[in-house]
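Reader: I have a chain here and would like to go through its fold. Can you put it up and start with the terms?

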Amino acid sequence: MYKIMTAALALTVSATAAQAISRHNSTSLSCQRIQSIIQEEGAAIMRYQSTRNPSLRLYDRYVSNGAFCDTEKYPVRATIPAADTNQCIVFRCVDRSSNSSQ
């Protein structure tokens, strides 16, 4: 019985760890859709072109709340471009030792 429970636990842990985070181009989605995706999934990676250097693609991981940040990080408000606005409000994780909220 112990072996079966251990095997079931191992399968559950490996299945959870294997879940991939979704990736989206933020400028092809409305701000409401971006916020919806992050809320539904807890975290998502959003990509977009740099406004200063259009040949540069930027990306970051955005979260619905602090539960999706590592223990040494916390969520801060950020904005990213969306299809319908240049300042869609989202949250990203930053180091607790950081004073920056870029």
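Author: One term to begin with: a crossover is right-handed if, with the strands pointing away from the viewer, the path from the first strand over the helix to the second runs clockwise. Keep in mind that this is a predicted model.

Reader: Fine. Which elements make a right-handed unit here?

Author: Strand β1, helix α2 and strand β2 form a right-handed β-α-β unit. Strand β1 covers residues 23–25, helix α2 covers residues 31–41, and β2 covers residues 43–49.

Reader: How do β1 and β2 run, parallel or antiparallel?

Author: They run parallel, joined by three bridges. His-24 stands opposite Met-46 of β2.

Reader: What does Met-46 pair with in β3?

Author: Its bridge partner in β3 is Asp-60. Strands β2 and β3 (residues 57–63) pair in the antiparallel sense, over seven bridges. Another pair between these strands puts Ala-43 opposite Val-63.

Reader: And which residue is the bridge partner of Val-63 in β5?

Author: That is Phe-91. Strands β3 and β5 pair over two bridges, in the antiparallel sense.

Reader: Back up a bit. What is the overall order of elements from the N terminus on?

Author: The order is α-β-α-β-β-β-β, with two helices and five strands in the protein.

Reader: How much of the protein counts as buried?

Author: Of its 102 residues, 28% count as buried.

Reader: Which residues of α2 are buried?

Author: Cys-31, Ile-34, Ile-37 and Ile-38. These four lie on the same side of α2 because they cover an arc of only 125° around the axis.

Reader: What covers them?

Author: The cover includes all five strands by name: β1, β2, β3, β4 (73–80) and β5 (88–95).

Reader: Which exposed residues are on the face turned away?

Author: Gln-32, Gln-39 and Glu-40 are exposed there, on the face of α2 turned away from its buried side.

Reader: What happens just after α2?

Author: Gly-42 comes there, with a positive phi of about 90°.

Reader: Which residues line the largest pocket?

Author: The lining includes Tyr-48, Gln-49, Ser-50, Thr-51 and Arg-52, along with Leu-56 and Leu-58.

Reader: Is it buried or exposed, then?

Author: Arg-96 is exposed, because its relative accessible area is 54% and the cut-off for exposed is over 50%.

Reader: What does Arg-96 touch, leaving out residues up to four places away in sequence?

Author: Arg-96 touches Thr-71, Glu-72, Lys-73 and Tyr-74. Take Lys-73: Arg-96 is 23 residues from it in sequence, yet 5.1 Å from it in space, C-alpha to C-alpha.

Reader: For the whole protein, what share of contacts join residues at least 24 apart?

Author: 36%, taken among contacts between residues at least 6 apart in sequence.

Note on methods. Residues are numbered from 1 along each chain as its sequence is written. This is a predicted model: local features need pLDDT of at least 70, side-chain atom pairs count only at pLDDT 80 or more; totals for chains, interfaces and linings use all residues. Side-chain values use heavy atoms; hydrogens and water are left out. Buried means under 20% relative accessible area, exposed over 50%, partly exposed in between (1.4 Å probe, protein chains only). Two strands pair if DSSP finds at least two bridges between them. The arc is that of the directions from the helix axis to the C-beta atoms. Contact means heavy atoms within 4.5 Å. On a 1 Å grid over the protein atoms alone, a cavity is a set of points where a 1.4 Å probe fits but cannot get out, and a pocket is an open set with protein on both sides within 12 Å along at least five of seven lines; lining residues have an atom within 4 Å of a point.
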